[in-house]
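Hi,

Here is the structure I promised to send over.

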Amino acid sequence: MDTLKAQDREPVLPFNPAPHITDWLFEIGPMTGEGAIGWQDMDAWSRLTGIELDPWEARTLRRLSRSFVNQRWDARKDNCPEPRVQADEIAVRKKVEGQFAAMVAALGR
């Protein structure tokens with residue numbers, strides 16, 4: 001399996017508009033056992049650290065944790081693309097489709 005770590009490469013990460021959320025996610029732990037973090041985990045962390053979570057922050061932490069767990073399982077498959085590579089391929093495909101549509105429209109004039 002050809003991994004980023006084996007290639008001594010850093011992942012290309014998307015812009016993070018709320019870095020405090022991802023910091024908290026990894027402080028709490030992105031998962032418990034083999035599953036996503038639960039409400040009780042967040043409540044205990046919140047009480048111990050004195051950080052009061054807004055409802056949207058708590059929901060976001062849960063969603064990120066579930067995504068982390070899902071990606072962890074998907075990454076075990078030999079044919080799993082890097083998450084960022086997959087997103088880049090979709091963006092490129094949309095750009096090419098748009099350019100092709102514009103070209104066909106121009107030829108039809």
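**Helix packing**

The axes of helix α1 (residues 19-28) and helix α3 come within 10 Å of each other, crossing at roughly 60 degrees. For the geometry, axes are lines fitted to C-alpha atoms, for helices over the stretch in contact, and angles run from 0 to 180 degrees between N-to-C directions. On the α1 side the residues involved are H20, I21, T22, W24, L25, F26 and I28, and they meet W56, E57, T60, L61, L64, S65 and F68 in α3. Contact here means heavy atoms within 4.5 Å.

Before you read on, a word on where this comes from. It is a predicted model, where local features need pLDDT of at least 70 and side-chain atom pairs count only at pLDDT 80 or more, while totals for chains, interfaces and linings use all residues. Residues are numbered from 1 along each chain as its sequence is written, and side-chain values use heavy atoms, with hydrogens and water left out.

**The overall picture**

The protein has four helices and two strands, in the order α-β-β-α-α-α along the sequence. Both kinds of element are DSSP runs numbered from the N terminus (helices: H or I, at least four residues; strands: E, at least two). Of its 109 residues, 17% count as buried (buried is under 20% relative accessible area, exposed over 50%, partly exposed in between, with a 1.4 Å probe and protein chains only). Among contacts with a separation of 6 or more, 60% are between residues 24 or more positions apart.

Leaving aside residues up to four places away in sequence, S65 touches L25, P30, M31, A36 and I37.

**Salt bridges**

How many salt bridges are there by the rule used here? The count comes to three, taking a side-chain nitrogen of Lys or Arg within 4 Å of a carboxyl oxygen of Asp or Glu.

- R72 pairs with E34, with the closest N and O atoms 3.2 Å apart. R72 lies in helix α3 (residues 55-74) and E34 in the loop between β1 (31-32) and β2 (35-36), so this pair ties together parts that are 38 residues apart in sequence. R72 is partly exposed at 31% relative accessibility, and E34 is partly exposed at 45%.
- D43 and R47 form another, at 3.2 Å from N to O. They are four residues apart in helix α2 (residues 39-49), so about one helical turn separates them. D43 is partly exposed at 41%, whereas R47 is exposed at 59%.
- D74 and K77 also meet in a salt bridge, at 3.4 Å from N to O. D74 is partly exposed at 32%, and so is K77 at 47%.

**The surface**

The accessible surface of the protein is about 8,500 Å², and 57% of that belongs to carbon and sulfur atoms. These areas come from the Shrake-Rupley method with a 1.4 Å probe, and for residues only the protein chains shown count as cover.

Have a look at F100 too, which is in helix α4 (residues 83-107). Together with M103, V104 and L107, F100 forms a nonpolar surface patch with about 430 Å² of accessible area. Patches are made of residues with over 30% relative accessible area and no salt bridge, joining like charges within 9 Å and nonpolar side chains (Val, Leu, Ile, Met, Phe, Trp, Tyr) within 5 Å.

Cheers
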